[in-house]
Amino acid sequence: MMESGGGELLPGPALPVTSKPGGGRGGWRAALFIVAVGFFERIGFVGVSANLIMYLTGPLGMSTAAAAAGVNAWSGTVNVLPLVGALVADSRLGRYRAVLAACVLYLLSLGMLTASSMMPTASSPPSASPARLTVFYVALYLLALAQGFYGPCGEAFGADQFTPSDSGEPSAPAFRSSYFNWFHFSMSWGYAIATAGLSYVQDNAGWTVGFGACWTALAICLAVFLLGTRTYRAKQRPVDGSTFAVTVQALGARVFRRKDTITPTDERLLLPPQPEQGGLIAKLLPIWLTSFVFTAIYSQVSTLFTKQASTLDRHLGTTTGLVVPPAALQCLINVTFIVMLPLYDRVIVPLARRLTGHAAGITMLQRIGASMATSCVAMVVAALVEVRRLRVARDAGLVDRPDVAVPMSLWWMIPQYVLMGLAEVLGKVGLEEFFYDQVPDTLRSVGLALCLSIFGVGSYASGMLVSVVDWATRSKGESWFSDNLNRAHLDYFYGLLAGLAALEVAAFLHIANQYVYTNKAEL
């Protein structure tokens, strides 16, 4: 056992300690290990999630609507479980151990998933045995649990390497803001490799090889994380429970009218915002609530966008014979990330800083609002592309031949993917930085968990919306999500999402204009 500089007992001689100024821990030297961990983690996780709908509708034999709802339900769980992971990390484990636990769970779940893909499946029609389905779903939700620990702690642990209170470095906030951009830059490369490379492997070499490659990526991820152990600055873990746990206790006491158990400090986390008080939960809730449509739209990238792409002409040139996997177009989001993040960090921010005088160029809420507007435009473009696809299918006489590719190039879908990539550059990074920055230092894992839960609730909302629309339209004729997409109406659904996004932008702008940023010195 060894003791960190913050008093936390950490087993083994190699675990990180709390750094003191000049102690040589933390900073970019440590953060680069976390950036590399994020790269390999995305390859392993996205290698499963990006092509999941094709696995469900292929070897497991599900309908399009059921598979889309299933993927949305699992994605929602993936993004809600970080609230649990953050609570455990902030109150018990600490972020280092939480990331370590996540890597072990990743290896276990991906090993089970690989094993399940080797179990027998009926070929006509495609269907899986109960045993295979059981192993598959246990593995899939263990994967979600792993993400529950990694999601709020991996990125936050890297940002902790630039904490001014520990390092004494006055420019640490600027470094931390840049870290968020470069962390996502690295993740985007991992995402691109997974969506383009692993989806091709899964479609051509088989699902077992593809899932095995995901397991290998996570094994490398764990090795890289452990290699950086001696460089990390570990945040001091609260001994008597986290602020988040205290907040939950205070909320419960208020619900049950146990006023004697609530301290004035606890009240600050629950009261509505006032000039003299933080009122953190009440203050952040409107931003949280007005981000659901944006995240519901983002859910379409790995579900309906992929099914839409599967109907098009996916040949790469006329002579190569290569066929682009439907999920591979998701890498365009990451190409956009890879191109735009350095441009945003090194060109747009300095230019905007000169114009606005703001340290980050534009405020976090301005960045988030711009992403919502961009996602609205993306849905309009997606609807127009789908209108053209349906017209081409009718003109070619393929309405009742869903097994034949529509004579329309896959590249027509590039604009909607690029727009969603731009929305992610602005919105996902903006939301993460906002929820990390606007909570007390002891709640930063929880702050990122709150951010991820927006994407979880958005996925649940998308799944519910798909199920309701499917039921309503099927009862009146052909479903908007018919298994024969040439008779479906994804264009109507995209138009519905665009309308909801426009309403969300209006509501968000009203709330953002009234928001007063938290002064961290007062927390």
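Here are some notes on the cavities and a few helix contacts in this structure.

1. Before you start: this is a predicted model, in which local features need pLDDT of at least 70 and side-chain atom pairs count only at pLDDT 80 or more, while totals for chains, interfaces and linings use all residues. Residues are numbered from 1 along each chain as its sequence is written, and side-chain values use heavy atoms, with hydrogens and water left out.

2. How many cavities of 30 Å³ or more does the structure hold? There are 2. A cavity here is a set of points, on a 1 Å grid over the protein atoms alone, where a 1.4 Å probe fits but cannot get out, and lining residues have an atom within 4 Å of a point. Volume is the space filled by probe spheres set on the points, with grid points joined across faces, edges and corners.

3. The largest cavity has about 540 Å³ of space. Its lining is made up of 33 residues, and R42, F45, N79, Y298 and K428 lie nearest the centre. Two or more lining residues come from each of α1 (27-49), α3 (64-80), α6 (130-159), α8 (172-204), α13 (292-299), α17 (414-437) and α18 (444-474). Helices are DSSP runs (H or I, at least four residues), numbered from the N terminus. By class, this lining has 15 nonpolar, 13 polar and 5 charged residues; Ala, Val, Leu, Ile, Met, Phe, Trp, Tyr, Cys and Pro count as nonpolar, Asp, Glu, Lys and Arg as charged, and the others, Gly among them, as polar.

4. The second largest cavity holds about 90 Å³. Lining it are R42, H184, M187, S188, Y191, Y298, N334, F337, E424 and K428. Two or more of these residues come from each of α8, α15 (331-356) and α17, and α8 gives the most, with 4 residues. The classes here are 4 nonpolar, 3 polar and 3 charged.

5. Now for the helix pairs, starting with α6 and α18. They pack at about 130° with axes 8 Å apart (axes are lines fitted to C-alpha atoms, for helices over the stretch in contact, and angles run from 0 to 180 degrees between N-to-C directions). The two helices are therefore oblique to each other; angles under 35 degrees count as roughly parallel, over 145 as roughly antiparallel, 65 to 115 as roughly perpendicular and the rest as oblique. Their crossing is right-handed, meaning the near helix is turned clockwise from the far one by less than a right angle, with anticlockwise being left-handed. From α6, G151, P152, C153, E155 and A156 make the contact with S445, L448, A449 and L452 of α18, where contact means heavy atoms within 4.5 Å.

6. α18 also meets α13. The axes of α13 and α18 come within 7 Å and cross at roughly 65°, which makes α13 roughly perpendicular to α18. This crossing is right-handed. On the α13 side you'll find F292, F294, T295, A296, Y298 and S299, facing I454, F455, V457, G458, S459 and S462 in α18. That contact splits into 7 nonpolar, 5 polar and no charged residues.

7. Last up is α1 with α9 (residues 207-227), packed at about 165° with axes 8 Å apart. That makes α1 roughly antiparallel to α9, and the crossing of these two is left-handed. Among the contact residues are F33, F40 and F45 of α1, and F211, C214 and F225 of α9. By class, the α1 and α9 contact has 17 nonpolar, 2 polar and 1 charged residues.

How values were computed. 1 Å grid on protein atoms, 1.4 Å probe; cavity = no way out; pocket = protein on both sides within 12 Å on 5 of 7 lines; lining within 4 Å.
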